[in-house]
Amino acid sequence: MFHLKSLSDMKERLHPHQFIRMVISSLTGDTEFDNKVYFVGGCVRDELLNLPIKDIDILVDLPNGGKLLAEYLCTYYQMLTTVSTHIP
């Protein structure tokens, strides 16, 4: 897990795809999604052509992987939000 200040610093130093990949990896490490999440589509093309990335398409190499990842991230985010609002 990242401290918000360090996360903000990393976001400014890293290329957008590196930052997003790092965040996804930190959230999915040691889960069924570990090493199963890939960037696909226009963001890959834009990165290869050194163009600004406008959106990111993600493929999850599991049956119903996209839905499962979305549900996992929603649950994780809700848990994180609940915990962070109760920390003085």
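Along the sequence, the protein runs α-α-β-α-β-α. Four helices and two strands make up its secondary structure. Helices (H or I, at least four residues) and strands (E, at least two) are DSSP runs, numbered from the N terminus. The model is predicted: local features need pLDDT of at least 70, side-chain atom pairs count only at pLDDT 80 or more, and totals for chains, interfaces and linings use all residues. Residues are numbered from 1 along each chain as its sequence is written, and side-chain values use heavy atoms, with hydrogens and water left out.

The accessible surface (Shrake-Rupley method, 1.4 Å probe; for residues, only the protein chains shown count as cover) comes to about 6600 Å². Carbon and sulfur atoms hold 60% of that surface. Of the 88 residues, 17% are buried. Buried means under 20% relative accessible area, exposed over 50%, and partly exposed in between (1.4 Å probe, protein chains only). Among contacts (heavy atoms within 4.5 Å) with a separation of 6 or more, 37% join residues 24 or more positions apart.

Thr28 lies in helix α2 (residues 16–28). Thr28 is buried, at 3% relative accessible area. Neighbours within four places in sequence aside, Thr28 contacts Phe33, Asp34, Leu69 and Tyr72.

Leu51 sits in the loop between α3 (42–48) and β2 (57–60). Its relative accessibility is 40%, so Leu51 counts as partly exposed.
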